[in-house]
Amino acid sequence: MKRSILLEGQKFQITIQRLCHQLIENHADFSDSVIVGIQPRGIYLGRRIAEELKQIPGLAAVAYGELDITFFRDDFRRKDSGLLVPSSTSMDFIVEGKKVILMDDVLWTGRTIRAAMDALQAFGRPEKIELLVLVDRRFSRQLPIEPDYIGIQVDSIDSQRVIVSWDEVDAHDRITLLTEKDN
Amino acid sequence: MTASNRQLSTQHLLGIKDLQAGDIQLIFETADNFKDVLNRPIKKVPSLRDITIANIFFENSTRTRLSFELAEKRLSADTINFAASSSSVSKGETLIDTVNNILAMKVDMIVMRHPYPGAGIFLSRHVDAQIVNAGDGAHEHPTQALLDAFSIRERLGDVSGKKVAIIGDILHSRVALSNILCLRKLGAEVMVCGPTTLIPKYISSLGVKVEYNLVNALKWCDVANMLRIQLERQDMAYFPSLREYSMLYGLNKRLLDSLDKEITIMHPGPVNRGVEITSDVADSRHSIILDQVENGVAIRMAVLYLLASKRG
């Protein structure tokens, strides 16, 4: 197993801050916008960005929610890994008429995002849905889904894995590309 | 995905007896999520959209049938309903034939209530479908026990270490047996209380205390689960009169007030008001009877979801 680090330390932090500023360009004071982190791993990105935004004067009330998409996946009963165990959803707002920014750590096939858009319907009809991802695995999409905000872009093959670690749970901020040895 | 590969250890839900404590916890955790779904503006998820479920009821039921049907619909499953009274069963068709005919129409899961104990177990050995037991005679009623324990967990935080008294007709009650097994697996202490004639002779072999005096049982317990006197199963006189039963084993406000603590009151329904429980107790803030009904849908969604995930 070969590990190569794609992003860590200060550069990681700069990327997060750049994403925040790109969001502010489009959403100004966030009065009509909400941030939604996708369970299970997108919530760390969502929380981090919501926290960074709240530091900025005038943005202390940014709305943030976490969405579980397990019951909306299209691979129920198809995965070898067996049962898809749900995580919790906490959305204490209605998205009706709001601009929703979905956040996930890695965008790969696009199927999670499709499920997230379905799951979001249960909380109303948003005016607009945008997508922010920390890592975009280019040229690997199985659905016509593209992100609006991208941390870094990675060219990878199917057998490789991209792992995002977070200081809060994994003791460091880091994006790692894992490659099987015989590749 | 960080999600673990947790699965139920069984293919069917025939009784609590076949479940392990881990299975019950998994059902509870999944039900927590479904309860959350049920409180949203749109109370539906598409998980089981390619599953067809037949509800076959050889015995009357309102709550359980509606609860299962609602759970199936909230999961987007297709459902068909079948009541024995209006079917070919009255023309002499056997149970296996009836069910195989239903399965020939491409049905994936069967939810069955039957008056004979073990009917679900029998069926699971002879047909190729997943079976959920919705009550088989005086044997088991697993989803009721799960929703009862889930409601205790919701009210008191945990089931383990709690003292639960099951009061009333233990002899004819599938709810009692499933509840005893479920609560014991979750680490609760269980006591049964009722007239001598309505308590099975060897019940203590299940690890429960036996008490014949209602006041002593209430003093001991944190939760009192009042069972219905099953008038339709009383083929002989087990006690002199309903009035006498009500005087000795009926729960009323005066009795509740005489205790120096607050206890939680449960009832699996349908309630015989004025017999095992008076109206002022059934409608009091101690009672979680309607929470039980609400939780029933979430628990049944969890059971169906978890079982369906085991179909390859």
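The centres of domain 1 of chain B and domain 2 of chain B, taken over C-alpha atoms, are separated by 25 Å. Domain 1 covers 16-141 + 293-308 and domain 2 covers 142-292 of chain B, with bounds that come from an automatic or database domain assignment. This is a predicted model, in which local features need pLDDT of at least 70 and side-chain atom pairs count only at pLDDT 80 or more, while totals for chains, interfaces and linings use all residues. Residues are numbered from 1 along each chain as its sequence is written, and chains are lettered from A and ligands numbered from 1 in the order in which they are written.

Between the domains, 24 residues of domain 1 of chain B are in contact with 24 residues of domain 2 of chain B, where contact requires that the C-beta atoms, placed from the backbone, lie within 7 Å. On the side of domain 1 of chain B that touches domain 2 of chain B, helix 1 (21-38), strand 4 (130-136) and helix 11 (289-308) each supply at least two residues; helices (H or I, at least four residues) and strands (E, at least two) are DSSP runs numbered from the N terminus. Helix 11 of chain B gives the largest share of that side, seven residues. By residue class, that side of domain 1 of chain B divides into 11 nonpolar, seven polar and six charged residues, counting Ala, Val, Leu, Ile, Met, Phe, Trp, Tyr, Cys and Pro as nonpolar, Asp, Glu, Lys and Arg as charged, and the others, Gly among them, as polar.

Helix 5 (residues 142-156) of chain B packs against two helices, tabulated here. Axes are lines fitted to C-alpha atoms, for helices over the stretch in contact, and angles run from 0 to 180 degrees between N-to-C directions.

| Helix pair in chain B | Angle | Distance between axes |
|---|---|---|
| helix 5 and helix 6 | about 50° | 8 Å |
| helix 5 and helix 11 | about 120° | 8 Å |

Helix 5 of chain B and helix 6 of chain B are therefore oblique to each other, since angles under 35 degrees count as roughly parallel, over 145 as roughly antiparallel, 65 to 115 as roughly perpendicular and the rest as oblique. Among the residues that meet in this pair are L146(B) and A149(B) from helix 5 and V175(B) and L183(B) from helix 6. The residues of this contact divide into seven nonpolar, three polar and one charged.

Where helix 5 of chain B meets helix 11 of chain B, the residues include L146(B), F150(B) and E154(B) on helix 5 and I299(B), R300(B) and V303(B) on helix 11. That contact of helix 5 with helix 11 divides into five nonpolar, five polar and four charged residues.

Conventions. Contact = placed C-beta atoms within 7 Å.
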